[in-house]
Amino acid sequence: MTTPQPAPSFDARPLTDPVDPRAVSAFQTELRARGTSAVSATSIIAIVVFGLVFVVALTLVGATMVSMLTDPGASSFAGLGILAAAAVGITIAVVSWRRSRVARYRLDAFARANGMSYEARVVNPALPGMLFSLGRSREANDLVRGTKPRFVEFGNYQYTTGSGKNSTTHRWGYVAVKLDVPLPNIVLDAKGNNGFGSNLPASFQREQRLSLEGDFDQYFTLYCPEGYERDALYLFTPDIMARFIDNAAELDVEIVDDWLFLYTQRRASTLDPATWAWLFGAVGAVITKLDQWERWRDERLQLENPTAAAASSVAPQPASGRLPFAPPAGLLSPPPGVANEGRRLKKSFPWLPFVVVIGFAAFWFLSRSF
C-alpha cells in the first residue's frame, strides 16, 4: 500500500473570510443576469408557500392584537404564542435566505481564487453516471469546475422519486473527472460508506463481481461487464488500487464512457475547507495515475466492425503499450472506444428492500395470529 498523498495546496480563505453584503447582492444580480440563478422550481414553490404563510400570519397577528386590546385575558397568552411563532418563522426564513446567498458568493470567490469557475445550478445535467438518469426534478447545484490538468467538476445533485406523500428527494455529492478515452463501465462500491447493504441507487448482477488481489476487496466491491475481467485487471494495477484505498475508500466510484465519477452522500461543494481538502486529495492522487488508462483499447471493436476499425486503427503496440494484451499477428490496434457489451453493466432487481418488507409483513402477521 502506498503512503496517502498530501492534499494539494489551495486557497480556502474565501470560504471563511468576512464578506461585504453589497458584494453579495451584486453577485446575486450577476447570477440572475447570467440566467444561472440557483432558484429552482422547488425554491419557487417554497417562496410562494412562505408568502402565503406570511400573509396568513400577518392576518392572525393583526386579529390577535385587536383581540388583546379589546378583550385582555386568557386570549393574551394564545396571542403572545402566535406572535412568537410568527417572529421565529420569519427570522428563520430570512436567515436561511441570506445564508444561501452568502454561500453562493463564497463558492464563486473560492473557485476564482483557485483558477476554477462556479455555476449556481444546472437542470438535468448531461452526465452518463448512474445517478443522473434516475427520478425526476433532477438538478445539480453549486458546481465548481477546473480544467487543469484535466476537466474536473465538483457538485451537489438531487433527484426525486415517488409522488405525493410518498415522494423522496435523494441528495448526493459528486466529482466528475473527464478521461482521455472511453472505458468499460466499472463500479467500485465502497464498503466504508455502506449501511444495511449497499448505499448505491442501483444493483448489479453478481456474475459481474470481480475479486482483485491484495486487500482491495476489503474496501471495495468491484463490478465489471462479463468478459472484461482482464481489462479491469489491466486498468486496476496494484499501484492504482493502492491510490483508491488510501485516498477514496469512503467514496463510491463509477467509470462510464470517458468519465470517472466519485460519489458521496454528503455535500461535495460546501463551505467546509476540510471537505475540499479531502476531495482535492482524492482527485489529485487518482488522476496522476491515469496515463495507463489512456493506452487501453478494446479489441472487441474489430469484431463488431472490422472495416471501420481497420480504417481508423494504428500499428500494433506491445502488450505493455496500448493494449492489455498483444493482438494477433497482423491485426491492427483498434480505435478508442468500448464494444456494446462493455458499455454498461447489467443491473439486477434490488431484492434486499423487498425481502425486508416481506419479512416485516410476515412478522406482523404471525404476531397478530398468536
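The protein chain comes out with an average pLDDT of 81, and 68% of its residues score at least 70; pLDDT is the predictor's confidence in each residue, on a scale from 0 to 100. Where pLDDT is low, the predicted coordinates should not be read in detail.

This is a predicted model, so local features need pLDDT of at least 70 and side-chain atom pairs count only at pLDDT 80 or more, while totals for chains, interfaces and linings use all residues. Residues are numbered from 1 along each chain as its sequence is written, and side-chain values use heavy atoms, with hydrogens and water left out.

Now to the strands. Helices (H or I, at least four residues) and strands (E, at least two) are DSSP runs numbered from the N terminus, and two strands pair if DSSP finds at least two bridges between them. β2 (residues 136–146) pairs with β3 in the antiparallel sense over seven bridges, and the two make a hairpin with five residues between them. Across this pairing, Arg 136 sits opposite Thr 160 in β3. Asn 141, also in β2, counts as buried because its relative accessibility is 14%; the cut-offs are under 20% relative accessible area for buried and over 50% for exposed, with partly exposed in between (1.4 Å probe, protein chains only). Setting aside neighbours within four places in sequence, Asn 141 touches Ala 120, Arg 121, Gly 155, Asn 156, Gln 158 and Arg 267.

β3 (residues 152–161) is mostly covered, with nine of its ten residues buried. On to β4 (residues 168–190): ten bridges join it to β3, again antiparallel, and Asn 156 faces Gly 173 there. In the β3–β4 hairpin, with six residues between the strands, Gly 162 takes a positive phi near 75 degrees.

On a 1 Å grid over the protein atoms alone, a cavity is a set of points where a 1.4 Å probe fits but cannot get out, and lining residues have an atom within 4 Å of a point. The whole structure has one cavity of 30 Å³ or more. The largest cavity has a volume of about 40 Å³, and its lining includes Leu 179, Leu 290 and Trp 293. β4 and α8 (291–294) each give two or more residues to that lining, and the largest share, four residues, comes from β4.

Methods:
Contact = heavy atoms within 4.5 Å. 1 Å grid on protein atoms, 1.4 Å probe; cavity = no way out; pocket = protein on both sides within 12 Å on 5 of 7 lines; lining within 4 Å. Points joined across faces, edges and corners; volume = space filled by probe spheres on them.
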